[in-house]
Amino acid sequence: MDGRDLFKQFLKPKSIFNNREVLRSSYMPDELPHREKEIEKVASILAAALKGETPSNVFIYGKTGTGKTCVTKYVGNQLVKTGKEMSSPVEFIYINCEVVDTQYRVLTHIANQFIRKWDERVPFTGWPTDEVYAKLMDCIDKFGGAVTITLDEIDKLVLKSGDDVLYNLSRMNSDLKIAKTSIIGISNDLRFTELLDPRVKSSLGEEEIIFPSYNAEEIMDILIKRGALAFREGSVSQEVIPLISALAAQEHGDARKALDLFRISGEIAERENSPMVEEKHVYSAMNKIESDRISEVVRTLPTQSKIILFSIIEGGEIKRGSLTTGEVYEIYQKLCTYVHVGALTERRVTELISELDMLGIIEARVISFGKYGRTKEIKVTTQEKEILSALEKDSTMSELMNLTLEQQTKLDLF
Ligand code: ADP
Ligand code: MG
C-alpha cells in the first residue's frame, strides 16, 4: 500500500449504512415475520393453479403498511418458481391500480405481459376496448395455464373507472377455452365492496383475508431483520428500534412508516457524521417527516385556503396569539381585495378553517362565551416556517407576502 493511502482509510468517514435500499418499500425481503398465517392462506388458495385447477378469487383487506403488497408478491413469486420446477404453466401478474387506473390500461397491461414474453409487438393504441379484450383472451389461451391477476389498491381503480373492468375480468373464465384466471384484489378500505355491483362482489369475494395491524413487538422484529441488512454492525444504538416501534404502533402499526422513520433517522445520523443512529436522530426524523407532510399539504391547497392560512399567520403575528374566526375573516377579506380574489362568505371560510384544522396545519379550539355564543381560538401549528416557505411558492401568495411595510399599514389589518 502506498504510504500516503495508509491514513486515508481512517479519515474517510465510514457510512453507517451497509445498504439503505433495504429500508425502502420497493425492497422485497426474503422473510416476512408475523405474516406466516397470511402467507399460508394465500398460498393455499393459489395452490389450485399448480394442480391445473382454477383458484378462488380473493379480497385482501388491511390498513396501510400491514404487508398486503409484500405478502401477495412474495407468494406470487413462489408460485411462479414452483410452477417452473413442476413444469406447470402458471403466471402471476401484479398491477398497481394507482398507476394503471382504467379498464383499457388494465386489459392492455395484462396482454402486454404475455406479448412481451413472446417478443411480439401489438400496438394497442386506438383499439376499441372489446378488441383489446378479445386479444387478451387469445393471449391467455395461447399461454394456456393458470393466470393470477393481482389488482393492488383496487378501490382506486373502481373510484376512477367504475366496476365494469372487474365485471369483465370476473367473467373471463367463461370466455377462455383452455386457460384459467383468478383475481386477487387488495384494498385499504374495508367498506370498498359496498360500492360494487352485487354480482361482481360475490364473484370477487369468494375468499376474504384481513391483515391485522402490527403491534410494537412485531414491528420491532421487522425492523431488527431489515436493520441488520441495512446498517453496518454496531451502528444502531440500542434504544432506537424500540423507540421507532413504539411510535409506529401508536400509528396503527404501519410497517412502511416505521421503515421510513428508520431510514431517515439513519440518513440524518450520517449527515451529522455520527457513528451511530441515536434516539435524537429518530426525533429529528419525525420532525422532518412531519414538515415534509405539511409542506406538501400546503402546496396543494386551493388558493382560497392559502389566503385564509396566511391570514391566520399574519393576524397571529400582529396579535401575538390566537385569533377568533371573525378576526381571521376580517384579515382574509382585506388580503383578498389586495390580490383581486373574490372573497368567500364567512360561513364558507369557517368551513375551510375546519378543513385546515383536520389537515393538522392549524389548531382551532372552540371556546364559548356563555350566552354570547361560541367562537374558535385559531393558530397555526408549530411548523410555521415550513408553512410560509410552502406558501411562498404560490405566485399569488408571494405577492401578498412581499407587501412592503407601507402597503401593510395601508391595508390596516386591524
Ligand atoms: P401494504 O401493502 O399493506 O400497505 P406493504 O406490503 O407495502 O404494506 O408493506 C410496507 C412495508 O413494510 C414494505 O417495505 C414491506 O417490505 C414492509 N413489511 C410489511 N410487513 C412486513 C413483514 N412482515 N416483514 C418484513 N417487512 C414487512
Ligand atoms: Mg400496498
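Predicted model: local features only at pLDDT ≥ 70, side-chain atom pairs only at ≥ 80, totals over all residues.

Biologist: How many helices and strands does the chain have?

Modeller: There are 19 helices and seven strands in the chain.

Biologist: What is the radius of gyration, and what would a compact globule of 414 residues have?

Modeller: The chain has a radius of gyration of 28 Å, whereas a compact globule of 414 residues would have one near 22 Å. Along the principal axes, the C-alpha atoms fill a box of roughly 80 × 70 × 45 Å.

Biologist: What share of the residues is buried?

Modeller: Of the 414 residues, 45% count as buried. The chain exposes about 22100 Å², and carbon and sulfur atoms supply 51% of that area.

Biologist: And the charges: how far apart are the mean positions of the positive and negative ones?

Modeller: The chain carries 54 positive and 64 negative charges, and their mean positions are 1 Å apart.

Biologist: Which domains is the chain divided into?

Modeller: Domain 1 covers 35–210, domain 2 covers 214–297 and domain 3 covers 301–410. The contact between domain 2 and domain 3 takes seven residues from domain 2 and nine residues from domain 3. The centres of these two domains, taken over C-alpha atoms, are separated by 34 Å.

Biologist: What part of the contacts with a separation of 6 or more comes from residues 24 or more positions apart?

Modeller: Such residues account for 73% of those contacts in the chain.

Biologist: Now to single residues. Where is Gln-103 found, and which residues does Gln-103 touch beyond its neighbours within four places in sequence?

Modeller: Gln-103 lies in helix α4, residues 103–117. Outside its sequence neighbours, Gln-103 is in contact with Thr-129, Ser-161, Asp-164, Val-165 and Asn-168.

Biologist: Is Gln-103 buried or exposed?

Modeller: Gln-103 counts as buried because its relative accessibility is 17%, and the cut-off for buried is under 20%.

Biologist: Which values of phi do Glu-153 and Asn-273 have?

Modeller: Glu-153 has a positive phi of about 55 degrees although it is not a glycine. Asn-273, also a residue other than glycine, has a positive phi near 55 degrees.

Biologist: Where do they lie, Glu-153 and Asn-273?

Modeller: Glu-153 is in the loop between β3 (146–152) and α6 (154–161). Asn-273 is in the loop between α12 (255–271) and α13 (279–299).

Biologist: Why does Glu-153 count as buried, and why does Asn-273 count as exposed?

Modeller: Glu-153 is buried because its relative accessible area is 16%. Asn-273 is exposed because its relative accessible area is 56%, and exposed means over 50%.

Biologist: What about Asp-394: where does it lie, and what does it touch?

Modeller: Asp-394 lies in the loop between α17 (384–392) and α18 (395–401). Not counting residues up to four places away in sequence, Asp-394 touches Thr-303 and Lys-306. With a relative accessibility of 13%, Asp-394 counts as buried.

How values were computed:
Residues numbered from 1 in each chain as written. Chains lettered and ligands numbered in written order. Heavy atoms only, no water. Helix = DSSP H or I, 4+ residues; strand = E, 2+ residues; numbered from the N terminus. Rg over C-alpha atoms; globule rule 2.2 N^0.38 Å. Buried < 20%, exposed > 50% of the residue type's maximum accessible area, 1.4 Å probe, protein only. Contact = heavy atoms within 4.5 Å. Areas by Shrake-Rupley, 256 points an atom, 1.4 Å probe, with all protein chains shown as cover. Lys, Arg positive; Asp, Glu negative; His and termini not counted. Charge placed at Lys NZ, Arg CZ, Asp CG, Glu CD. Domains from an automatic or database assignment.
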